[in-house]
Amino acid sequence: MASEEELFASVDALLNEEPHLPPPAERARLREAAGITQARLATALKTTTQSVKNWENGRSEPKSPRLDAYQRLLNGWAAKYPAPGAAPVTGAAPAAATAPATPTTSARPAASAVETADAPQTPAVPAAAPTRPATPRPAAASRRPAAAKAAQPAADPRFPHGPLAVLDGDGAAYGVGGIVLDCPATSVVELVEWTLRESGLGAPKLNRHGKDSDPLIVLTAAAAVKLGLPERLEGHEQRRSLRLPEDHPVVEQVVKAKWRLTQRGFGPWARIYRKAQGRERQCVQLAILSWDALDERSWPGVAEMEPADIARVLGVYAQRVITPRGSTAVSGLELMTALRPPTRAVQDPQTGNWVPGHNPGSLGTEPVDPAPPEATPEHPVVVDSGWSGGFLNEEAYQWVRDVSLLDDEECTLPYAVGLDLNTAFLAAAARLVVGLSAPDHFHTPAFNPKIPGSWLVDLSHVEVDPRLPSPFTPDGTRPTGPAWYQTHTVAYAQELGYNVTPLEGYLRRETGAYLDPWHDRLKTAYVDTLADLGVTKDLTDAEFLAAMERHKDTDPAMAAVLAAIKATVKGGIGKLRERPQGRKYQEGERWPALQRPTWRPDIRAAVIAKARVNMHRKLRNMAAMTGLYPLAVLSDCVVYPSPGASPLDFLPYAASGKPQPGAFRLGPTPGLAKLEGVQSMLWAVDLMEQGHNPARHIKGGDAVHDEGE
């Protein structure tokens with residue numbers, strides 16, 4: 001690796017360059033303003049052009065010493081080429097830039113209408129929002145490790161107080177990093193206006209072509225009651241569909257003040273907005289804790305925490321993933337769009353004006369109907385066409401080996417050990433090429449593993465060891481004839497050495513690695529959060545197992561963030577094929593989710609197919625290396641017979657002590673394995689004889705494996 005001195009010498013040479021290109025946005029803008037290509041910057045920093053591209057589109061961040069050298073370079077360019085309309089770097093800083101650093105208890109009037117009109121780009125933020133002393137409660141501070149530095153507010157002068165705040169019944173709004181703001185609002189309308197004008201809350205966009213995140217206010221039960229809302233929402237429907245009636249006084253107040261609610265109405269996650277003026281967004285999101293806004297399965301224990309701790313949990317999630325926008329599933333889907341916005345500014349050649357245009361690599365702004373075999377049975381594409389040609393069945397494994405295939409040697413082993421793959425769906429999303437356009441129908445197409453789509457092909461001739469599940473079906477049974485498969489499944493049959501001859505195909509001409517930035521951001525969030533809990537990449541396998549055994553007790557707040565990140569992965573993939581909800585739905589009707597460009601069951605199928613193939617490949621390699629065969633598989637969890645109570649007793653290692661590549665490996669990154677649970681072999685065989693899956697209960701007690709983490 002190059003030394004720090006060499007890197008600094010290289011970037012100092014670049015600082016002498018004069019600007020050649022006009023600026024778009026920060027990192028890329030500064031480089032372009034200096035007239036430096038990505039390739040030349042990569043040469044100076046002794047890295048690759050792709051790494052520079054990743055730094056400039058937010059997919060990854062440089063590590064030291066490149067981090068320090070790159071920062072020095074950007075600082076130098078910023079001094080030479082300030083953004084249009086920005087204050088000079090040298091000299092006295094304006095009050096608005098410095099005041100938020102030292103919150104005070106004195107209130108400042110909101111910006112006038114004239115001031116707001118002069119600055120249409122962002123919501124007006126005063127120089128110093130009214131605050132209480134920015135000190136966390138002692139109870140929260142005593143549990144807060146040094147790693148919580150990651151939760152400090154983002155260094156964006158427009159949003160000095162971070163992305164969100166948790167409001168209690170006394171008018172205290174707890175923000176990120178221990179800051180506490182005074183909120184004088186006594187109604188929802190006043191709260192919305194205070195948030196936009198005085199709070200300094202919000203978060204910058206995740207992509208240069210995207211939008212800033214709207215500020216989030218989380219209401220405790222006491223805060224909700226103080227603002228005129230009921231403490232609980234009652235009703236007989238599904239709780240997630242509950243909302244205030246349109247004649248509720250709070251809803252009427254909102255409408256009377258010329259604010260609007262989205263079609264979801266005033267429910268646990270309410271969005272209150274006015275139509276944008278130019279590029280200025282006027283929108284605030286509310287999350288009501290006592291209305292079950294934070295699902296216990298995704299946010300374990302968070303709703304019962306103190307406001308300061310809730311702010312810490314949600315703040316870390318907001319900064320590492322995205323400001324919550326509903327359930328973790330909704331946030332997972334919104335993150336895809338935030339990282340791959342559908343449009344970007346393009347210049348109209350006729351008028352010279354800048355207008356919205358398609359952003360390459362995105363899904364665009366219009367929904368695309370799936371091919372009939374990719375749809376669900378109730379979808380209009382299926383019902384209207386009378387389709388009866390079968391459907392894709394690309395789902396996660398739920399397989400148990402036939403008890404008659406257990407040999408005596410296996411039955412005498414004392415233990416059944418469960419391994420769980422970290423965020424297996426996230427690992428499958430890495431470098432996954434998916435279709436971006438509508439499907440085209442082909443008859444007898446030649447199979448091409450590089451073309452995403454759905455193929456009608458007979459894989460019943462593929463021979464697989466009966467002690468392993470078939471790689472082509474979720475229940476592990478052998479196919480009996482032609483069926484529809486996603487590209488990765490068919491490609492795996494080729495990998496096993498078999499010829500494939502598709503009868504039909506629904507294939508996509510425009511393709512791309514749409515999920516790459518989504519994968520990269522969530523992977524970093526997952527790994528960083530595990531590291532905060534003491535589980536790092538530098539641990540030995542034995543140390544890793546010990547750290548994982550105690551990680552949830554290290555810091556409950558960060559453990560909740562980790563659970564939310566995992567739920568975001570699982571839910572985001574699931575949302576790609578959201579089914580209709582409600583008892584009134586009639587088959588063949590279009591349901592709301594179909595209006596989203598992100599309703600893409602083919603992309604969901606691609607992720608799951610790749611995850612299942614990855615699992616089967618590891619199962620085959622384990623059998624070849626160790627002679628061991630699994631007892632059961634449930635999504636990303638596999639149970640093996642073992643001579644000892646630890647994965648170290650049966651996982652394959654080289655003579656050097658390093659794990660063998662291709663098999664299951666322990667570690668904290670997506671796709672690597674951790675211990676799920678240990679039971680006796682007799683316990684596992686008993687469940688198998690009863691037709692139950694040991695992987696579902698391997699944790700012990702009443703714990704059930706969370707399918708599809």
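Helix α17 (residues 487-495) lies across β15 (453-458) and β16, and runs at about 110° to β16. Contact here means heavy atoms within 4.5 Å. Axes are lines fitted to C-alpha atoms, for helices over the stretch in contact, and angles run from 0 to 180 degrees between N-to-C directions. Helices (H or I, at least four residues) and strands (E, at least two) are DSSP runs, numbered from the N terminus.

This is a predicted model, in which local features need pLDDT of at least 70, side-chain atom pairs count only at pLDDT 80 or more, and totals for chains, interfaces and linings use all residues. Residues are numbered from 1 along each chain as its sequence is written, and side-chain values use heavy atoms, with hydrogens and water left out.

**The sheet**

An open sheet is formed by 4 strands in the order β14-β17-β15-β16, with antiparallel pairing. The edges are held by β14 (440-443) and β16 (482-486); each has a single partner strand, so one side of each is left without a neighbour in the sheet. On average, neighbouring strands of this sheet are turned by 20° against each other, direction ignored. Two strands pair if DSSP finds at least two bridges between them; β14 and β17 (residues 504-507) pair in the antiparallel sense over 4 bridges. His441 stands opposite Tyr506 in β17.

**Aromatic rings**

Tyr506 also belongs to a cluster in which ring pairs link Trp387, Trp484 and Tyr506. Rings of Phe, Tyr and Trp (its six-membered ring) pair if their centres lie within 6.5 Å; planes under 30 degrees apart count as stacked, over 60 as edge-to-face and the rest as tilted. The whole structure holds 11 aromatic pairs, including the edge-to-face pair of Phe266 and Trp291, with 6.1 Å centre to centre and 65° between the planes. Phe266 lies in the loop between β6 (260-261) and β7 (269-277) and Trp291 in the loop between β8 (280-288) and α12 (307-320), so the pair ties together parts that are 25 residues apart in sequence.

Tyr585 and Trp591 form an edge-to-face pair as well, at 5.7 Å centre to centre and 90° between the planes. Buried means under 20% relative accessible area, exposed over 50%, partly exposed in between (1.4 Å probe, protein chains only).

| Residue | Relative accessibility | Class |
|---|---|---|
| Phe266 | 1% | buried |
| Trp291 | 2% | buried |
| Trp591 | 4% | buried |

**Charges over rings**

A charge sits over a ring if NZ of Lys or CZ of Arg is within 6 Å of the ring centre and within 35 degrees of the ring normal. Arg274 lies over the face of Trp259, at 3.9 Å from the ring centre. Arg467 lies over the face of Tyr629, at 3.8 Å from the ring centre.
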